[in-house]
Amino acid sequence: TRSLTITSVDQSTFEKAQGEKVTLPCTFELSEEDEGPLDIEWVLIPTDNQKKEQIIIMYSVDRVYNHYYAGLTGRMQFTNLDPRSGDGSLDILNLKAADTGTYQCKVKKAPGVQSRKIQLTVFVKPARTKCSIEGSQEIGKDVTLKCVSQEGSPLLSYDWKRVSGTQNLPATSVLNKNTGELLLKNASREYSGTYNCVASNRVGTDECSVELNVTPPINTAGIIIGAIIGTLLGVSVLCSIIFCLCKKHKEKKYEKEVHHDIREDVPPPKSRSSTARSYIGSNRSSLGSMSPSNMEGYTKTPYSQVPSEDFDRAPAQTPAFAPSKVAAPNLSRMGAVPVMIPAQSKDGSIV
């Protein structure tokens, strides 16, 4: 007797890049003895043996069921819209690294049952590869060119080449393809140029470039001396600015203190009343010492020189002799004490 047979046995392993599409083949032939309903199942077998197989898509009783596995929802479908034709192959679109695994196709039509396993590996292409230089780019120094891809499935391989000048790597260079490091020992000016790194794996490549410029050693002594001189000049300028600011601040402070200071060694100004008293007192002493001979000259002194300020009047004195008939100026209105002036008779005697 002849039963159901799976005919797609050409390939059992697939390697694809992330983002690509894959078709997992599963074609079959039915026999005359297979009279039951046709069922086709695709199952994902986990790498962990402790976990159970999970149905991802199924065809049963002329209907497709594809909602069992959320990780592939919307990205998988049967290659043939009518699997009854003998083609139960599966298409997976926009592959992801998480899609890596073992897939099994099961075809059932009683009494015949057949299955087939396919290994799918999804690789990530190298991407975001960056080149850099480590070490001093001076003549006689060792320089290391580095190349690293931020993305990419292992195993990644790195290769360096020179794209300028002789386009050959220096004779002293040492390449590590696993780490992407290119060591250039005892660098010389001839090593200068553009270097290109290519990162690759089984599904793709990516590259980057770097410019190497080997120069003579830098005069570090001159740089240090220049830095010291510049620092000293900067400090001197800063000190000058601080000194000027402090001096200006002290001058302002001194002017403010002098403006508000009251000198204790200078007597306060005399009041108008005390000035008037001292003036009248001096006149009194002068009158008391006058003789008849100089009296006439004194009477001619202008009264306009007597201060006009108000002051306290001295107590009145009793006159020792009769006043003269000649009217004297009204000194009381001028704020002065009245003084009795002797008169002289026609014969020259004092009256």
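Predicted model: local features only at pLDDT ≥ 70, side-chain atom pairs only at ≥ 80, totals over all residues.

Residues are numbered from 1 along each chain as its sequence is written, and side-chain values use heavy atoms, with hydrogens and water left out.

Let me begin with strand S6, residues 54-60. Helices (H or I, at least four residues) and strands (E, at least two) are DSSP runs, numbered from the N terminus. Of the 7 residues in S6, 5 are buried, where buried means under 20% relative accessible area, exposed over 50%, and partly exposed in between, with a 1.4 Å probe and protein chains only. Two strands are said to pair if DSSP finds at least two bridges between them. Strand S5 (residues 38-45) runs antiparallel to S6 and is joined to it by 6 bridges; Asp39 has Ser60 in S6 as its bridge partner. S6 also pairs with strand S7 (residues 63-65), again in the antiparallel sense, over 3 bridges, and here Met58 stands opposite Tyr65. What lies between S6 and S7 in their hairpin? There are 2 residues between them, and Val61 in the turn has a positive phi of about 50 degrees.

Next, the open sheet. Its 3 strands follow the order S3-S9-S8 with antiparallel pairing. Strand S3 (22-24) and strand S8 (76-78) are the edge strands, each pairing on one side only. S8 and strand S9 (residues 90-92) are linked by 3 bridges, and Phe78 has Leu90 in S9 as its bridge partner.

I turn now to Ser188, in the loop between strand S16 (181-184) and strand S17 (193-200). Its side chain makes a polar contact of 3.0 Å with the side chain of Glu190; such a contact is a pair of N or O atoms within 3.5 Å, where within protein one must be able to donate a hydrogen and the other to accept it, and residues adjacent in sequence count only if both atoms are side-chain atoms. Ser188 and Glu138 are 50 residues apart in sequence and 7.7 Å apart in space, C-alpha to C-alpha.

Finally, Ile228 lies in helix H1 (residues 220-260). Ile228 is partly exposed, with a relative accessible area of 47%.
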